[in-house]
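Thanks for asking me to look this one over. Here are my notes, in the order I would walk through them at the screen.

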Amino acid sequence: MTQDAWLSTEGGVVVGPQVVFAMDADGTCTISAGPGLAALGFAPGELVGQNLREVYRDDPLGSEALDAALSGRRYHGEREYLGRRLALFFEPIHDAAGVLTGAVGIATDVTEQRQAEAQARVQDRRTVELATDLSRFKALVEASPDFIAIAALDGTVEYVNPGGRKLIGMALDADVTATTISDYLTPEGLALSLEVEQPAVVRDGHFEGETTLKHQDGHAIPVAVASFLMFDITTGEPFALATVQRDISERVAADRVMADLIEQRTALLTRLVDAQDAERARIAADVHDDPVQAVAAVDLRMGLLRRRLREQAPALLSELDGLQETLAAATDRLRSLLFDLEPPDLSERGLAGALQRAVDEIYEGTEVQAHVDGSLEPDLPEAARAVAYRIAKEALVNVLKHSRAHQVQVTLTAVVGGMQLDVDDDGVGPGPAVGPSAPGHRGVSGMRDRATLAGGRCTVGDSRLGGTRVSLWLPGPEAAPTSTPGLGAGLGLTLAASRSTSLGFAQGVPGSPAPASSRPS
């Protein structure tokens, strides 16, 4: 094996098996000895008497080194030969008169040395990179306004970053190693740590949630927390607990305001629905006691008139028929008005039951096949269910009036944050129904306004049945942030948020040694 170019040389002392050789001025080998000969494929003394120029005739690098030495020049270089890396040193020999008489050389097998040096350089670079990463990570942690802390497995706190100290009102030079995890927890956070987070971190190695952090003056700071175990990269065993906690006081305050607004809106909606139902009942009573009774009386008198005309003026009976048809149509409209004004009965059968009754009455005597699926009906406030009933009933009446449908499907579903109600038909499709309502009619606009007033939304579009879909979403009680017992009054954290803790384990990892100094919270 030959090498086309010399390898870069390394500074310092070379170490490894060596070959010592000498040659006369013609290049004939006079000495060939050393433990490195075997790796090069030669026996001790095997090259003695051979002309080295001939031996390395087909090796340009070997010939170059020999020519340099036999020309009186000192030579130093490294090369690969037969899979080994050799460091070559040639020194020309002169007699007392300065005449070149030959050369001596040492070939050192530096293969393992260079490999070790390369590994050392890689390790040095990695060390520098790790130091740089550590410096950057430290700068990141030190600059963060979040509460970042590390504790030993026995619960003794080892580090709290400057931002964390500022958040809880701790002096920047305070010795945190004299504290334990429980010193940073509110009583609620301590209880939740033992009940919820400790099992979660033991089981999963990490935990995320929301809780309260204790300020030095005693007040609670609502925080979003991520706590986790730190593992030794060599053994894989946990050696510390860490936490990152972010102050969410502004969000909690906003949640509290939002909860108050939702509560106020719900109360207003309830009063509005009650007022509407009361007014509907009053109007229905007035219509029943006056127009309906008057029309019934007219119908009776027209019956008497028919008998008299049959006896005295039969030719006028056709005129009377037209009047009676007009009166019958007016009676049907009054009955429809009374049906629309009738308040829904939601107390016993719920919204699905009330809608089933409405479906039966609206499509009675028609070819429309309607079905109400309320198996997944959520629990909504009475006022919200009344709004949903009115909107769905308007959609059902519109199907009968406009869609020419044969099938109608009403579906009630509990969704995240509230209720979804869909009215689907297989009729002609929405068409202009999604636009402004005709003069004198509320139609789609009325449904949308009712939904908006209740904090929801109503849309009209294409149905999976091929016709029109009216979709209604109304918020449920869980849509509003509510205060949770155990986190302090007025914090406004959700139930899911309460299932958290503050800094790893309040009493350390189970089975770990107790901290040398543990102060009760």
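1. Let's begin with strands β3 and β4. Please keep in mind that this is a predicted model. Strand β3 (residues 75–81) runs antiparallel to strand β4 (residues 84–94), and 7 bridges join them. If you want a pair to find on screen, Arg79 has Leu86 in β4 as its bridge partner. The hairpin leaves 2 residues between the strands, and Leu82 takes a positive phi near 55 degrees there.

2. Next comes the other partner of β4. Strand β5 (residues 100–109) is antiparallel to β4, with 9 bridges between the two. His94 stands opposite Leu100 in β5. This hairpin has 5 residues between its strands, and Gly98 in the turn shows a positive phi of about 85 degrees.

3. Five strands make an open sheet in the order β11-β12-β13-β15-β14, and the pairing is mixed. At the edges sit β11 (369–376) and β14, each pairing on one side only. From one strand to the next, the twist averages 15 degrees. The strands β11 and β12 run parallel and share 6 bridges; His371, for example, has Gln409 in β12 as its bridge partner.

4. α8 packs on it and touches β11, β12 and β13, its direction making about 175 degrees with that of β11. α10 also packs on the sheet, touching β14 and β15, and its direction makes about 140 degrees with that of β14.

5. Which residues have the most contacts inside the largest nonpolar core? They are Leu351, Leu355, Met419, Leu421 and Leu472, in a core of 41 residues. Elements giving two or more residues to this core include α8 (350–362), α9 (382–403), β12 (407–415) and β13 (418–425). The largest share, 12 residues, comes from α9. Another core lies apart from this one, with 23 residues, among them Val157, Val160, Met170 and Leu192.

6. Finally, how do α9 and α10 meet? Their axes come within 10 Å and cross at roughly 165 degrees. Angles over 145 degrees count as roughly antiparallel, and α9 and α10 are therefore roughly antiparallel to each other. The crossing is left-handed. Among the residues that meet are Val387, Ile391 and Ala395 in α9, with Met447 and Ala451 on the α10 side.

Key. Residues are numbered from 1 along each chain as its sequence is written. This is a predicted model: local features need pLDDT of at least 70, side-chain atom pairs count only at pLDDT 80 or more; totals for chains, interfaces and linings use all residues. Side-chain values use heavy atoms; hydrogens and water are left out. Two strands pair if DSSP finds at least two bridges between them. Helices (H or I, at least four residues) and strands (E, at least two) are DSSP runs, numbered from the N terminus. A nonpolar core is a set of buried Ala, Val, Leu, Ile, Met, Phe, Trp, Tyr and Cys residues joined through side-chain atoms within 4.5 Å. Buried means under 20% relative accessible area, exposed over 50%, partly exposed in between (1.4 Å probe, protein chains only). Axes are lines fitted to C-alpha atoms, for helices over the stretch in contact, and angles run from 0 to 180 degrees between N-to-C directions. Angles under 35 degrees count as roughly parallel, over 145 as roughly antiparallel, 65 to 115 as roughly perpendicular and the rest as oblique. A crossing is left-handed if the near helix is turned anticlockwise from the far one by less than a right angle, and right-handed if clockwise. Contact means heavy atoms within 4.5 Å.
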